[in-house]
Each structure stands twice: as structure tokens, then as C-alpha cells.
Amino acid sequence: MKKWICRSFSVLFLVLLTGCGSSVSEEVEVSAAKPVEMEMSVEAPVEPSTESEKVQEEEEEILEQTAPPEVELEEESATNGYLVVIDAGHQQKGNSEKEPIGPGAAQTKAKVTGGTTGRTTGLKEYELNLQVALKLEKILQERGYEVLMVRTVHEVNMSNSERAAVANEADADVFIRIHANGSDNSSVNGAMTICQTRSNPYNGELYEQSRALSDCVLEAFVEKTGAKKQRVWETDTMSGINWANVPTTIVEMGYMTNPTEDQNMASEEYQDLMAEGMADGIDRFLQR
């Protein structure tokens, strides 16, 4: 009996002790959780600040990336101060009406002719001339020149004196007239330039400049293209030269009646070379 009472008392004591332990552990867990909540509330505001810094860095990166194009635009707009007038010789339909070959001249000639035709390619001279003229325009603009085109389409009606007037009114530093040649002999080939003579009655005072321009363009042209060099032809029969009040040259790029030169001049690659050669010659003339 005493043993049963002792055992019962022991069991009761253990039950009471276990119940007290459970209450203590819950209090410890609750009290321990409170500091954790406080730490989280302190760290939370840091995140918006980090996001703000990221946005600012991204904005600065975008500004740095967009800055270079503005500098390039300023460089591209720069010019070297020279004006070149380009005349793509001839036009779709010639005009056989007459005009004086120079100011006050009694002698007359057709206002403008249609030009020659490629013996092999069938390309019209007025087409070829404009193709090369447009390439020359682009090259000169890239080098900082101001460029004025006498024509940019085939359907015009402009006499040679009217073409010279465009260069005169613009007070051009260079007036370059682009043509191609023809001959009854299909073996004839090569490039030449044309200017007035020293004794030209209309603008002989421009002979030195026009001759220098013609020399520079012809030399650079044959160097670039590898074409045969013919000569600088001095003549006072070209109304487009006689009416000009600025340094002028006519470039005869090659013979469309020669099969090889005809095919060469019709190709994009050779046209690029011809245009580059003319541009190089203009550079040399103005920088001499």
C-alpha cells in the first residue's frame, strides 16, 4: 500500500513537472521571436535605396551611349569652303537651235547635242555622264565640298551657255563638265581634258587656272583608272567653256566607240574609279 502511494505521488510529480516545462519553452520561443521581427523591420528600407541607385546608373549609361552620334553629326556638317559645280554633259533630247559660241560671238553652234552611244553596251552618253556625276557629287560632299549639280535628271533642256551660267551665278571654285568621247576608229581609246587657249577672246584671263585644273584632273584620272593618257586639248570652240567666268574643264572619260572602254565605263567599279580620280584632281588643283 505504501509502495502504491509512493508511485502515485511520483507520477503526479512528473506530470506537474512536464506541464511547467512546456509553458517555459513556449515563452522562450515567443520572446526569442520578437528581436527577429525588429531586425527585419530595420533591413526593409534598404531595398528602395538600392533600386534607385540602379536606375540612376542605367540612365547614366544611356546618356553615355547616345553622346557619340551628336559629335559625328557636327563633324559631317563641316565644309572645306569650296564650291564645285558639276555638269553631266548632254541630255535625253538634243536641241539643235543655235546659240553664239561665246559672249558677243557671231559664230554659232547647236545649243546642246544628245551625245554618243556605247558601241557594245548601248548605254547612252547622257546616261553615263549623269551616273558618274552623281558618284562624283557624293565623293566631293564626303570630302567637305559644297556641290551644285547642273542636272540630276535626263529630261531637261539646257543649252551649253545656260549650263555655264549656273557655275557663274554660283561663283564656283571649279566647274567640271563630264563627257565621254567617240570616234570612227573603234581602236582609239584613252582620256583627255579640254580647256580654252591662252588667247581665248571670251575668257582668256582664266586660261592659267583652267589649264591647271585640266592638268590636275587628267593626271589624277589616269592614275586612278589606268586609262591611257591622251592630252589636254586647248580649243576655243567649246561654248560651255567660252561662256564660263570660273575655272573650267571638260573631262572626256573614254571612248564609247571602243568596246573595252565602253564596257569599263558602264561598270559600277570603273565608274567609282573615274569619279575618285576626278575628285583627286580637284583636290590637287585647289590645294596646289
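Colleague: Why is strand E1 (residues 83-88) largely enclosed by the rest of the structure?

Modeller: First, the ground rules. This is a predicted model, where local features need pLDDT of at least 70, side-chain atom pairs count only at pLDDT 80 or more, and totals for chains, interfaces and linings use all residues. Residues are numbered from 1 along each chain as its sequence is written, and side-chain values use heavy atoms, with hydrogens and water left out. Buried means under 20% relative accessible area, exposed over 50%, and partly exposed in between (1.4 Å probe, protein chains only). In E1, 6 of the 6 residues are buried, so the strand is largely enclosed.

Colleague: Which residues lie on each side of E1?

Modeller: In a regular strand, side chains alternate between the two faces of the sheet. Here Leu83, Val85 and Asp87 sit on one side of E1, with Val84, Ile86 and Ala88 on the other. Both faces are covered, as all of these residues are buried.

Colleague: How many bridges join E1 to strand E4, and how many to strand E5?

Modeller: Strands (E, at least two residues) and helices (H or I, at least four) are DSSP runs, numbered from the N terminus. Two strands pair if DSSP finds at least two bridges between them. E1 runs parallel to E4 (residues 146-149), with 4 bridges; valine 85 has leucine 148 of E4 as its bridge partner. E1 is also parallel to E5 (residues 174-181), through 5 bridges, and alanine 88 is partnered there by isoleucine 178.

Colleague: What does the whole chain contain?

Modeller: It has 8 helices and 8 strands, and buried residues make up 39% of its 288 residues.
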